[in-house]
Structures are given as structure tokens and as C-alpha cells.
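Here is a note for a colleague who is meeting this structure for the first time. The points are numbered, so that each can be followed with the structure in view.

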Protein chains: 2
Amino acid sequence: MKLLDGKLMATQIKAEIASDVQQSFLNKGLPVPHIAAVLVGDDPASQSYIAGKEKACKEVGFISSVYRYPVTITQEKLIEVIRFLNDDTEIDGLIVQLPLPKHIDENKIIEQIKPQKDIDGFHPVNIGRMVLGLPCFLPATPKGILTLLERYQIETTGKNCVVLGRSHIVGSPISILLSRKSTIGNATVTLCHSHTPNITSITSQADILIVAMGKLGFVTADMVKQDAVVIDVGIHRIPSDETKSGFKLKGDVDFEKVSRKCSYITPVPGGVGLMTVVSLLQNTILAAKKVIY
Amino acid sequence: MKLLDGKLMATQIKAEIASDVQQSFLNKGLPVPHIAAVLVGDDPASQSYIAGKEKACKEVGFISSVYRYPVTITQEKLIEVIRFLNDDTEIDGLIVQLPLPKHIDENKIIEQIKPQKDIDGFHPVNIGRMVLGLPCFLPATPKGILTLLERYQIETTGKNCVVLGRSHIVGSPISILLSRKSTIGNATVTLCHSHTPNITSITSQADILIVAMGKLGFVTADMVKQDAVVIDVGIHRIPSDETKSGFKLKGDVDFEKVSRKCSYITPVPGGVGLMTVVSLLQNTILAAKKVIY
């Protein structure tokens with residue numbers, strides 16, 4: 001078994017991005033890429049995600065700015081904010097940290113983001129273009145999975161790929177991407193979800209198994225084919241006496257037992273999660289260079 | 001075996017639409033729905049498709065107008081035409097008959113159509129919204145398949161569904177639609193294509209098999225599970241002594257033998273093809289009533 005080491009990959013790619021910032025922007029006297037993030041309310045998980053993104057921006061030499069609003073902000077006001085940031089030519093990438101408070105329609109907000117700045121790849125135009133195989137910003141987590149498969153030179157063409165979970169941000173787009181006519185693609189993909197009755201009989205035939213269910217330790221060794229490639233997108237905080245922080249991160253896969261059976265596996269932490277932020281940075285470079293639109 | 005009778009369904013639905021035109025438009029003194037079609041060149045198949053759409057419009061009481069241009073029209077001029085039709089408030093639905101001549105970029109043209117008038121459901125915004133489960137114009141052929149399944153009360157939730165072919169207009173969207181969280185959906189979908197090595201072992205497990213390969217008679221009885229539901233999207237003209245026209249229409253499925261084994265099957269002709277035009281009419285009603293946008 002080999003680890004698909006998201007930490008190592010993320011470090012390598014961030015170094016490549018930092019060097020690109022130097023060469024393609026600083027050396028040419030151009031402004032460096034700039035991500036603006038909108039954060040509503042004070043949810044600790046959202047705060048921590050935003051902090052992670054700011055840190056990553058700093059590491060590669062991007063500018064980042066965070067626009068913070070109280071949880072009471074109206075939908076109309078938030079739309080105004082987004083329009084203002086859309087029009088700011090100094091901002092290349094614009095993200096709105098989810099979830100938003102319940103009185104705000106997330107879809108309405110996402111549709112307000114200019115597709116040209118939608119580095120999260122959540123706007124319908126970017127998703128539609130993804131389905132059609134046209135240039136677009138790919139959603140960050142699926143893009144991170146493709147990057148891992150590509151960098152570890154894992155063949156996907158003709159492989160039997162099973163995706164567990166049909167969320168709009170992971171399961172559904174990765175199932176679309178892996179069946180596309182593309183080098184990292186051309187797989188036969190089966191998308192399973194809460195209504196799939198016989199999941200084990202399906203997963204146990206998978207050459208590549210992508211797990212994004214949001215259920216702690218859902219995938220056990222008996223569900224996995226010998227020598228499969230296993231990608232674990234789940235992330236759960238569980239209490240632990242062994243760590244200083246008092247908790248441990250675990251995934252949707254029973255890592256200890258499944259890892260003995262498969263050829264490649266992503267650890268949690270240190271797997272897909274770190275690749276997600278890297279994808280955001282890559283999308284921002286594309287936005288700043290105006291490669292997509 | 002029962003036929004999924006596209007001809008019967010299309011007739012029924014067209015009668016419903018005609019009655020809706022009377023009640024929701026004529027009786028209220030509102031202008032009836034209006035489809036504008038753009039036809040470039042003189043490809044006989046395209047001419048015949050357009051004629052079919054005009055006939056269907058007449059049957060339900062829609063206005064239809066066809067804008068014909070020579071094969072030599074430039075991309076710039078065609079974009080101008082589309083912008084003009086986008087702005088014409090008397091037009092509810094706008095279709096550009098494909099294929100376009102090779103010097104014109106089809107994707108560029110489709111992206112010019114106002115999503116609010118895109119009754120073909122080909123614009124990235126509509127495809128993206130489809131993926132996200134938001135209100136949108138569904139692409140006509142997949143929508144026709146959903147309508148057949150719905151009207152024949154075929155359960156899809158929890159079923160094993162296999163789609164053959166990953167085209168942008170049929171295979172790919174129907175695979176997305178059937179796995180969505182929706183009454184006609186919630187199936188476990190596997191999307192197969194030219195890179196799938198062991199197609200028979202996959203199709204023979206399908207409760208619902210949707211065939212959109214474009215290969216005459218590709219699906220034989222040994223590939224089909226006993227009592228499966230089989231939807232044949234293929235359409236091939238083959239020479240025949242038995243008909244006045246000198247040809248017969250056949251599908252991607254070996255109807256004679258497969259029909260003996262399955263519970264439901266669409267005939268060719270008289271199956272999915274006729275539902276496609278009906279979907280266009282349904283989308284136009286939605287556009288005229290401004291239900292989606």
C-alpha cells in the first residue's frame with residue numbers, strides 16, 4: 001500500500017505556485033493574484049477554513065482579504081457586497097464561505113458571483129461548462145482528487161470507479177469528471193447514495209473508490225476490492241486523549257484495516273483536505289492569468 | 001412486455017398543451033407561446049427536424065418562425081442574429097438547429113442564447129442548474145425519457161440504472177438526472193462508454209437500461225436482465241424493400257429479441273424520438289409563463 005500523500009503534494013504544488021507568482025507576476029511588474037473571501041457570522045469551522053485559506057495565500061505570495069459581516073446581514077446587502085467585489089478589478093478570485101445563515105438563499109448568492117471570479121467552481125455556468133468539457137473553474141475538492149490521481153500517475157481510463165455520496169460539491173462533480181473524455185477520466189463511474197440498496201456488492205468491484213458520504217468509518221475492509229485505489233473525502237473530529245488539542249481527525253474509511261488491502265489510499269488528515277485549498281490557489285492563478293474566460 | 005408508447009404519450013401530452021394554450025393564453029388575451037428556430041445550411045436531416053418541430057407547434061397552437069441562413073454565414077453574423085432574437089420580447093423559445101457548419105464554434109453560439117429562452121436546455125447555465133437541482137430547462141431528450149418513466153409509473157428510486165453513451169445531449173444528462181434527489185431519480189446510475197471494457201456484465205445487472213450509443217442493434221438479448229426496462233435512444237435509417245419510402249428506422253437495441261425479455265421497452269420509431277419534440281413544447285410553455293426564470 002502506498003499513501004496518496006496530500007500533504008507532500010500540497011507542499012510541492014504550493015512551491016510551484018509561489019515560483020509562478022514570482023515569474024509570471026512579480027518579475028513582470030504585474031499585481032500578484034488576489035483572493036477576496038466573504039465571511040458571514042462567526043461559525044468556528046468557517047473561521048478556521050478562512051484562516052487556512054489566508055495562510056495558504058501568504059505561503060504562495062497571493063494577496064488575500066476577508067470581508068466579515070454579522071450573521072444578521074440581509075440577503076440584499078450581501079448581494080450588494082458581491083456586486084461590489086465582482087466589479088473590483090484588483091480582485092481575481094471571490095469566495096463566499098458556506099454555510100450561510102438560514103435567511104439567505106445560498107444558490108441566489110452563488111449565482112451573483114461573476115463566473116470569471118468563481119474560483120470555488122460553484123456557479124452554474126462553471127458546472128455546466130464542466131459537464132460539457134469546456135474551460136471552467138473546477139470545484140476545488142474534485143479538482144484536488146484529479147490532481148492527486150494525476151501526480152501519482154494512477155490510470156483511470158477503462159477503470160471501474162465507484163463514488164459514494166452525491167453532494168453538489170464533491171460526489172456529483174467527481175462522478176461527472178471521471179467519466180468525461182479526458183486523460184484523467186474515461187472511467188466507468190457508478191454514483192451511489194442513500195438510496196443505493198446493495199452498496200457493498202458495488203464497492204467491492206471498484207478499481208477506484210471515492211468516499212464522500214460524511215459517515216465516520218463507513219467503508220470497511222470487506223467493502224473494498226484487493227488492490228483498489230481508495231480516496232477518502234470524509235473528515236470528522238472525534239474526541240481523543242492522545243492529542244494536545246483533545247481531538248483527532250478521521251475519515252469515512254476505516255483506514256487501519258482498509259489500508260492493508262488497497263494499492264493506494266489517502267490518509268485523513270493529510271489527504272484530500274489539503275488538496276482542496278491548493279485547487280483554490282490553482283484556480284486563482286488561472287483567474288489572474290485570464291486563461292479560462 | 002409492455003411498450004413505452006412514445007407516440008401515444010406524445011399525442012396525449014400535445015392535447016394537454018393545446019388545452020393549456022387555450023386556457024392560459026388565448027382565454028386571457030395573452031399572446032400564444034412562440035418558438036423561433038435558426039437553421040443554417042440545407043442539411044436534409046436538419047430540414048426534416050425543423051419541419052417536425054414546426055408541425056408540432058401548429059398542433060398545439062404555438063407560433064413558430066424559422067430563420068434560414070446560407071451555410072456561408074459567418075460566426076459573427078450568426079451571433080448578431082441570436083442577439084436580435086434574444087431581445088425580441090415576442091419570442092419565448094429560441095433554438096439553433098445543430099449541427100452547424102465547421103467554421104462555426106457550436107459552443108460559442110449556444111452560450112449566446114439567453115438562458116431564459118434556451119428551450120433545448122443546452123446552455124451551460126441550464127446544465128449547471130440541472131446538476132444543482134435548481135429550476136432550469138432540461139435538455140429535451142433526457143426530459144422526454146423522464147416523462148415516459150413518470151407517465152408509465154416506473155419506479156426509479158433504489159433501482160440499478162445503466163446508461164450507455166456519454167453524449168452531452170443524452171447520455172451524460174440522463175445519468176445526472178436519474179441519480180438526483182428526486183421522485184424520478186434516486187437511482188444508482190452507472191455511465192458506460194467507449195472505454196468501458198466489460199459492458200455486458202454491467203448491462204446485465206441493470207433494472208433500467210438506457211441506450212444512447214448511436215450503434216445499430218448494439219444491445220442484444222444476452223446483455224439484458226430478465227424484466228428490465230429498456231429505453232432505446234438510437235435512431236438509424238436503414239434501406240428496406242418493405243416500405244414506400246425505401247427505408248426503415250431502427251434503434252440501438254435488437255428490439256425483436258430484447259423485447260421478449262424485458263418488462264418495458266421503447267420502440268423505434270414511436271418511442272423516445274417523439275418525446276423529444278414534446279419536451280421542447282413543454283419547455284416553451286414554461287418559458288412563456290416565466291416559471292423557471
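**Notes on a predicted two-chain model**

1. A:Thr190 stands opposite B:Thr190, which belongs to β6(B).

2. The contact between the chains may be taken next. On the side of chain A, 26 residues are in contact with 26 residues of chain B. Three elements of chain A, namely α5 (124-132), α7 (171-179) and β6 (188-192), each supply at least two residues of the side that touches chain B. Of the elements on that side, α5(A) gives the most, with 8 residues.

3. Is helix α5 of chain B, residues 124-132, largely enclosed or left open by the rest of the structure? Because 9 of its 9 residues are buried, α5(B) is largely enclosed by the rest of the structure. The buried residues include B:Asn126 and B:Arg129, as well as B:Val125, B:Ile127 and B:Leu132. What covers the buried residues of α5(B) includes elements of both chains: α4 (106-112), α5 and α7 of chain A, together with α4 (106-112) and α7 (171-179) of chain B. Just after this helix, B:Gly133 takes a positive phi of about 70°.

4. The largest nonpolar core has 162 residues, and those that touch the most other members are A:Ile210, A:Val211, A:Val230, B:Ile210 and B:Val211. The largest share of this core, 11 residues, comes from helix α10 of chain B, residues 272-288. For B:Val211, leaving aside its neighbours within four places in sequence, the contacts include B:Leu164, B:Phe218, B:Ile231 and B:Val253, and also B:Asp232 and B:Asp252.

5. In chain B, an open sheet of 3 strands has the order β3-β2-β4, with parallel pairing. Strands β3 and β4 (93-96) of chain B stand at the edges, each with a single partner strand, so one side of each is left without a neighbour in the sheet. Neighbouring strands of this sheet are turned by 15° against each other on average, direction ignored. Strand β2 of chain B, residues 34-40, is joined by 7 bridges to strand β3 of chain B, residues 63-69, and the two run parallel. Along this pair, B:Ala36 has B:Ser65 as its bridge partner, and B:Val40 stands opposite B:Tyr69.

6. Helices accompany this sheet of chain B. Helix α2 of chain B, residues 44-60, makes a right-handed β-α-β unit with β2(B) and β3(B). Helix α3 of chain B, residues 75-87, lies across β2, β3 and β4 of chain B and runs at about 175° to β2(B).

7. Chain A also has an open sheet of 3 strands, in the order β3-β2-β4 and with parallel pairing. Its edge strands are β3 (63-69) and β4 (93-96) of chain A, each of which pairs on one side only, and the twist averages 15° from one strand to the next. Helix α2 of chain A, residues 44-60, packs on the sheet by touching β2 and β3 of chain A, and its direction makes about 160° with that of β3(A).

8. Some backbone details deserve a careful look. Most residues other than glycine have a negative phi, and most peptide bonds are trans. A cis peptide bond, with omega about 0°, joins A:Leu98 and A:Pro99, and A:Pro99 is placed in the loop between β4 and α4 of chain A. In chain B, a cis peptide bond with omega about 0° joins B:Leu98 and B:Pro99.

9. Two residues of chain B other than glycine have a positive phi: B:Gln153, near 50°, and B:Asn186, near 60°. B:Gln153 lies in the loop between α6 (140-151) and β5 (160-164) of chain B, and it counts as exposed because it has 6 C-beta neighbours inside 10 Å. B:Asn186 lies in the loop between α7 and β6 of chain B, and with 22 C-beta neighbours inside 10 Å it counts as buried.

Methods. Residues numbered from 1 in each chain as written. Chains lettered and ligands numbered in written order. Predicted model: local features only at pLDDT ≥ 70, side-chain atom pairs only at ≥ 80, totals over all residues. Core = buried A, V, L, I, M, F, W, Y, C linked by C-beta atoms within 7 Å. Buried ≥ 20, exposed ≤ 12 C-beta atoms within 10 Å, placed from the backbone. Helix = DSSP H or I, 4+ residues; strand = E, 2+ residues; numbered from the N terminus. Contact = placed C-beta atoms within 7 Å. Pairing = 2+ DSSP bridges. Right-handed = clockwise from strand over helix to strand, strands pointing away. Axes fitted to C-alpha atoms, helices over the stretch in contact; angles between N-to-C directions.
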